Amino acid sequence: MTTMTTTTTPQQTVLEARGVTMRFGGLTAVRNVDLTVSTGEIVGLIGPNGAGKTTFFNCLTGLYHPTEGTVAYKGTTLPPKPHLVTKAGMARTFQNIRLFANMTVLENVLVGRHTRTKEGLWSALLRGPGFRKAEAASEERAMELLKFTGLDHKRDHLARSLPYGEQRKLEIARALASEPGLLLLDEPTAGMNPQETRATEELVFAIRDKGIAVLVIEHDMRFIFNLCDRVAVLVQGEKLVEGTSDVVQGDERVVAAYLGTPFEGAPEDTALAEVQAAESHAAEDGTAGTAEAAEEGDAAQGDDDK
Ligand SMILES: Nc1ncnc2c1ncn2[C@@H]1O[C@H](COP(=O)(O)OP(=O)(O)OP(=O)(O)O)[C@@H](O)[C@H]1O
Ligand SMILES: [Mg+2]
């Protein structure tokens, strides 16, 4: 018999980015951005193409050395070195999938585990009992993650042979292999069909339920607003708005800057109004009768065919 225990862990700040700025020559891709993510949270990062979302991720994960600002994980400021960031507990996936194409699915996940294995180079070269034991444990954990992401049946397939959606899942499995406390996903559903997107939504909820906080970039608004406790909007490198899904969806600045709804009186509106006016005018004139005539003609045609 098993007993259920429920533990309520107090919310802790997992990620704290302060005043992050990234300049490339004359271009400021990210300007003075603050962002926090706490345990148990799924936070979304949205914004138009070129807004600086991926650049911000690169600053968080040590791929870029931010021009200004600091990034702290669970209260400790991180050095801008990707392997140290991963080791500290932050893992990511990439907008442009980065898998080892000629390695198997399982091997890709095992690579993701290397920051968590203690066995050193000599142990690996000599393949002593300590190494073999660690290797078996790593493989067991990797298989658990493949099962969790629904890829266990593909363990021996080459990564490059997987359909696009499964490659994205494999990237997630590999990121999870480093046992992170925060997972950063850069457009996890890009190129997926609606069913795969739904499944990815469920996967992200399941990751959160395992106690891993999630920061996710996505252009699919339905995905973002279904999933996220909080959403931050970047526009031209600056954080424009941050709030719950409801607040962000209803914010006029976001609608204008990102969702692309034209302003009142914009040319599209005028053009549409002109077309509608012309149509109603035509109906009043009786010229709309041509549509009925066409339908009758179709019906006659249909009879002839029988
Ligand atoms: N390494 C770099 N060198 C110079 N400019 C860069 C570099 N990386 C990004 N940029 C520029 O920074 C800006 C932000 O790009 P970024 O890729 O972060 O946008 P994004 O919000 O992720 O867009 P998308 O939604 O299209 O992925 C763009 O103008 C881009 O050209
Ligand atoms: Mg991007």
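Is helix α6 mostly covered or mostly open, and how many of its 13 residues are buried? Here are my notes on that and a few other spots.

1. First, a caution: this is a predicted model. The chain has 306 residues, and 33% of them are buried. Its secondary structure comes to 12 helices and 10 strands. Take the contacts between residues at least 6 apart in sequence: 66% of these join residues at least 24 apart.

2. Back to the opening question. α6 is mostly covered, with 11 of its 13 residues buried. The buried stretch is E166, Q167, R168, K169, L170, E171, I172, A173, R174, A175 and L176. The cover over these buried residues includes β6 (90-92), α3 (105-112), α5 (129-148), β7 (182-186) and α7 (194-209).

3. Now look at α7, which passes the same kind of check: its 16 residues should span 22 Å at 1.5 Å a residue, and the C-alpha atoms at its ends are 23 Å apart, in agreement. In this helix, T200, V204 and I207 are buried. Seen down the axis of α7, the buried residues fall within an arc of 60 degrees, so they line one face of the helix.

4. On the buried side, the packing partners are β3 (42-46), β7, β8 (213-217) and α8 (221-227). The face turned away from the buried side carries the exposed residues P194, Q195, E202, A206 and D209. Just after the helix, G211 takes a positive phi of about 90 degrees.

5. β8 is worth a look next. Five of its five residues are buried, so this strand is largely enclosed by the rest of the structure. A213, L215 and I217 point one way, while V214 and V216 point the other way, and all are buried.

6. Elsewhere, four strands form an open sheet in the order β2-β1-β4-β5, with antiparallel pairing. β2 and β5 (76-77) are the edge strands, each pairing on one side only. Between β1 (residues 13-24) and β2 there are eight bridges, and the two run antiparallel. One pair to find on screen is F24 with its bridge partner L27 in β2.

7. F24 and L27 are among the residues surrounding ligand 1, along with A29, G47, N49, G50, A51, G52, K53, T54, T55 and Q95. Both β2 (27-38) and α1 (53-60) supply at least two residues of this shell, and the largest share, three residues, comes from α1.

8. What is the make-up of the shell around ligand 1 by class? It has four nonpolar, seven polar and one charged residues.

How values were computed: Residues are numbered from 1 along each chain as its sequence is written. Chains are lettered from A and ligands numbered from 1 in the order in which they are written. This is a predicted model: local features need pLDDT of at least 70, side-chain atom pairs count only at pLDDT 80 or more; totals for chains, interfaces and linings use all residues. A residue is near a molecule or strand if its C-beta atom, placed from the backbone, lies within 6 Å of it. Ala, Val, Leu, Ile, Met, Phe, Trp, Tyr, Cys and Pro count as nonpolar, Asp, Glu, Lys and Arg as charged, and the others, Gly among them, as polar. A residue is buried if 20 or more other C-beta atoms lie within 10 Å of its own, exposed if 12 or fewer, and partly exposed in between; C-beta atoms are placed from the backbone. Two residues are in contact if their C-beta atoms, placed from the backbone, lie within 7 Å. Two strands pair if DSSP finds at least two bridges between them. The expected span of a helix is 1.5 Å times one less than its number of residues. The arc is that of the directions from the helix axis to the C-beta atoms.
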